[in-house]
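Work through the exercises below with the model open. Try each task before reading its solution.

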Amino acid sequence: MRPPSPSIVEKEFLYNSLKESLRIDGREPLEMREPTLSFGPELGWVECSLGKTKVIAQIEAKIVRPPPERPLEGIITIHSEISPTASSEYEFGRTSEEEVTITRMLDKVLRRSDAIDKESLCILANQRVWHLRLTLHFLADAGNMLDCACLAGIVALKHFRRPEVEVIGDEITIYPPSERAPFPLAIHHSPYCFTFAFFSDATIPPVLDPSQLEQRLSAGVTSIALNAQKEICVFQKFGGVPLLPKDLLAIIDIAVAKAQGLHQIVENRLKEDWSSRTVEFR
Amino acid sequence: MSIIFPGESAPANHVNLKLGPGLLQVSSIFNDASDGETPRKRPVIIATKAGELKHSVKGSQWWIESNSRRYVPVLHESVVGLITQRLGEAYRVDIGSAHHASLDGLAFEGATKRSKPNLKVGSLVYARVSLAHKDMEPELECFGAQTHKAEGFGELKGGFVVKCSLEMCRCLLNPKHFLLPMLGRRFPLDAAIGMNGRVWVSAKNVKEHIIVSRCIEAVDPDGGGMNEDELKKFLHTLGV
Amino acid sequence: MISFSFFPLPPEPATIHESPQHSLHASHDMDIDLAHHFLHDSNLTLPGETLTSSHAYMRGHGTYVHNEEVIASVAGTIERVNKLVTVRALRARYNPEIGDLVVGRITEVQPRRWKVDANGRQDAVLMLSSVNLPGGVQRRKLESDELQMRNFFEEGDLLVAEVQAFFSDGAMSLHTRSLKYGKLRNGQLVSVSPALIRRLKSHFISLPCGVDLILGLNGYIWVSKHVKENEQEGEEGFDAEAVYSNQNDEIDMPTRSAISRVTNIIRVLASHFVPLSDTIILDAYEWAMEQDADVSEMLHQDNSFALISAVRGRK
Amino acid sequence: MEVLNADGYRSDGRRQFELRSITIDLAQHGAADGTATIVHGLTKVFVSVLGPREAKLRSLTIHDRANVNVEVNVAAFSSGERRKRAKSDKRVLEMASAIKSTFETIIQTNLYPRSQIDIYIQIIEQDGGLLQACINGTTLALICAGIPLVDFACAVTCGVYANSPILDLTTLEENDIPNMTLAMLPKTGSVNLTAMESRLHVDRFGDLFEVALGAGRVIHEEMKLAILAKSRMLVAEMKTIGWGEKDLVD
């Protein structure tokens, strides 16, 4: 049973409160919910939550024979199915529009943007390469699962370590973590995604990281994925209220500022987790 | 306070026993070897929900206090409903239960064929459950059972609606609970508390609405679960 | 839902617009607004074009108001009637008005009502209370009628009716409570753009060549065998079997070829966007008879052009 | 592959800001309410619009506006090597949902409650600028169908090579340089759609938008000319065989 659209009371209240730049959960219009990242026992397992929106990302690696057309590159596949556990809006089997957007965005942000160096995943040209499989599980949708999923994906990739591999001639030996320290992935840059919700009433300012009610009552969202080096990997505004170029440039600048902050939070969290992990090796 | 789990039997027996939510009477065969007779069937009360077993002073009424979010309609309970569809005379209302309830166009105080309230899809109503049966769709009415007067029922305009757990609604309705009096001392406020986990709040300005909704979410056992002094500190941080 | 597709018609005269490469410069000094000066010579307009200020004029169909300006929302001709400005789209879905005569097809049978496809924005509704019931025109509706609705109309049936009212969301409510309305038989349906059918004194037309026409304002046209005056169901002799029977009468060959000839004429006229009226169809029919061209060849490119120029010549 | 050679020519002989040739055919096909074929260089798209009409699934209807439904079908032969795309190809589904949300704000859907507007897009040939052709084709087909729009939606692709913008890219250029598809509303000069999935520094966006909006206006001109030509032709047809006054009651 699809959740009913919001009531007129909620609609009017949200528009009035946003006109006074007040949000229901007390945030500033351009304030993102503080992400909480908790890491699992193995490396490459992270549970990322923005407020009540929660996504688990998990990476597995295995060695496979590369396809003939790309013998020198590793393979990265992303699996992101939204099940009804996230919210009753999603049904099994039927791909919802939200799932198409999220799946495509993950593909653009994590794969097409060459965030991970694929050549470094090659063990033995057209013999053996690493196949990284990133799986995302959507646990709760309290709005903006897109940013949460992208964040979980990139953090999992940065947190993952693959076993050390040695190649002599065409003989490959793989060292388990207990013998040799596992190897981090070669990451060129780490893109983060920021979603802004816009409203048909021009007097209402755009809102960063919309909650579920804001997302449902918005007249279109714009997503920008960029890294801390001010390079935009994805700029996606599909319809919604038309904007003047100067407004678009304005939210780009906001996203650039936010990217620095988020990058810092992620790096600190990773250091914290890494230091608490004792990886003993003989 | 005794916690009971589904399947456990409850020591409830009274001449005219009344069972509340979460308790079920089952007749189970007892081969009571002690008195050597043939096994007799003795009614046993077992719990079907996990929660705290409670009974009235005289022990005639027993029920289980548990928390959930899915509302099961109960006769004469007041609920906050959302109009989802208009079918000719009647409205279909979403009250968060398994089925949509139906609200007749004339079930309002002083409504006649000609003059009846014109509710739009998406408007909120405060209504009383007039029919609650497990095999039938629940029905609502917007007037008191005995007095047929509005008694606050009808369309809810303006204000804001907060979703919370069912136990929170029961606390809000309990006059001894600290939340509403504490807020009432700070600014005037009126609220329509639906037993179905939805509370309609109306205050003077937007800021106060937000404070009330955040407090309810903070005190909600499912949410922050704050007690009185934690809430005082929280209100302080909100600058009230 | 049964939908109609045309006999493969010759494409309309070339509507292909070519723009050779060199003329396309996105340089900033592109000031000659070619389309602009076209706009001024005719009263045509396009979506997004500002018509007037909203203080001077009231906005009608096909326009909207933004920042005190009346702006067109469809491509079509501008009509200014004293203080009201409207834009009539050249080709659009049927825009119903009360009293319009429409031809429709039953798509669904629902409790106490039928859903009718009348080329509108939504399916029209024909209430059981708005049809003539067998056994006298004034009979009250009985419970049993509700159970045997398919004896009157069922899915796929064609009917002619009149628009009597609109529902809150704009859907049409039809009625067939007059003897000239009801189920159609003994003929063929052809669908044209509603813009080609104008309001006439009577939309029931009898052509001398033994063919009857019903020009539905919604663009559905019924071409059928001519029914003589006396055979038509008289006022008192109202018997259900005749009105709601699904049985076609015997139609002889000449009438059949006349019907298909008229239908092809209508298709050719419509594909050239020629507005339809009985005079034009009759002129075309006489011309076609003189050529005694085979009916099926009428749709070929050269024949249809010949027909159009002939009809224009006779005007 | 050299995108722009020394004396400023691109691989297909165009200059930096030059658009490919545009061919628009607004002939009416079959029972659709509005049909349009648009060709940008070698990218050819056929769009047919049906509606507003009764929705097939009553569950999809919305009580206060029309439901816009877009379906994109890519012909297997449309690109270099034959490629049969699965029905659930995410890239095609994303393009369809992008077009749907682009036109949901432009079409005045509140005029047709509980009805459905179907937009079927058939991609016949593709050589870059696919989303651009689909959006321009859909605008034309909607106008031909007489469906009220707030404004035209004019789309163009633009890329950056050696720090300067380039317009209307072919597949080769699209695969080689960072690029973006942008749809704009000429009346207000506002942007309705941006779709970019390649890496580009923040500072490039300023003049990219400006040039793209300029190109959008030029494409707007071409579309206006095509529709006006058809409108004039239809009006002329109706005038020649006017109405006999006697049988007209108005």
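**Exercise 1.** How are H1(D) and H2(D) oriented to each other: parallel, perpendicular or oblique?

*Solution.* The model is predicted. Start with the general rule: two packed helices are described by the angle between their axes and the distance between the axes. Next, take the pair. Helix H1 of chain D spans residues 90–104, and helix H2 of chain D spans residues 130–144. They pack at an angle of about 40°, with their axes 11 Å apart. Angles under 35 degrees count as roughly parallel, and 65 to 115 as roughly perpendicular. H1(D) and H2(D) are therefore oblique to each other.

**Exercise 2.** Which residues make the contact between H1(D) and H2(D), and of what class are they?

*Solution.* List the H1(D) side: D:Met95, D:Ala98, D:Ile99, D:Thr102 and D:Phe103. Then list the H2(D) side: D:Leu131, D:Cys134, D:Ile135 and D:Thr138. Now sort by class. The contact has 7 nonpolar residues, 2 polar ones and no charged ones.

**Exercise 3.** Describe the fold of chain C in numbers.

*Solution.* Count elements: chain C has 6 helices and 18 strands. Check burial: 37% of its 315 residues count as buried. Then take the contacts in chain C with a separation of 6 or more. Of these, 61% join residues 24 or more positions apart.

**Exercise 4.** Which residues of chain B does UniProt list for "domain: K Homology"?

*Solution.* The unreviewed UniProt entry gives residues 159–207 of chain B. Now inspect that span.

Notes: Residues are numbered from 1 along each chain as its sequence is written. Chains are lettered from A and ligands numbered from 1 in the order in which they are written. This is a predicted model: local features need pLDDT of at least 70, side-chain atom pairs count only at pLDDT 80 or more; totals for chains, interfaces and linings use all residues. UniProt positions are given in the numbering used here, feature names are shortened, and annotations may be inferred rather than shown by experiment. Helices (H or I, at least four residues) and strands (E, at least two) are DSSP runs, numbered from the N terminus. A residue is buried if 20 or more other C-beta atoms lie within 10 Å of its own, exposed if 12 or fewer, and partly exposed in between; C-beta atoms are placed from the backbone. Two residues are in contact if their C-beta atoms, placed from the backbone, lie within 7 Å. Axes are lines fitted to C-alpha atoms, for helices over the stretch in contact, and angles run from 0 to 180 degrees between N-to-C directions. Angles under 35 degrees count as roughly parallel, over 145 as roughly antiparallel, 65 to 115 as roughly perpendicular and the rest as oblique. Ala, Val, Leu, Ile, Met, Phe, Trp, Tyr, Cys and Pro count as nonpolar, Asp, Glu, Lys and Arg as charged, and the others, Gly among them, as polar.
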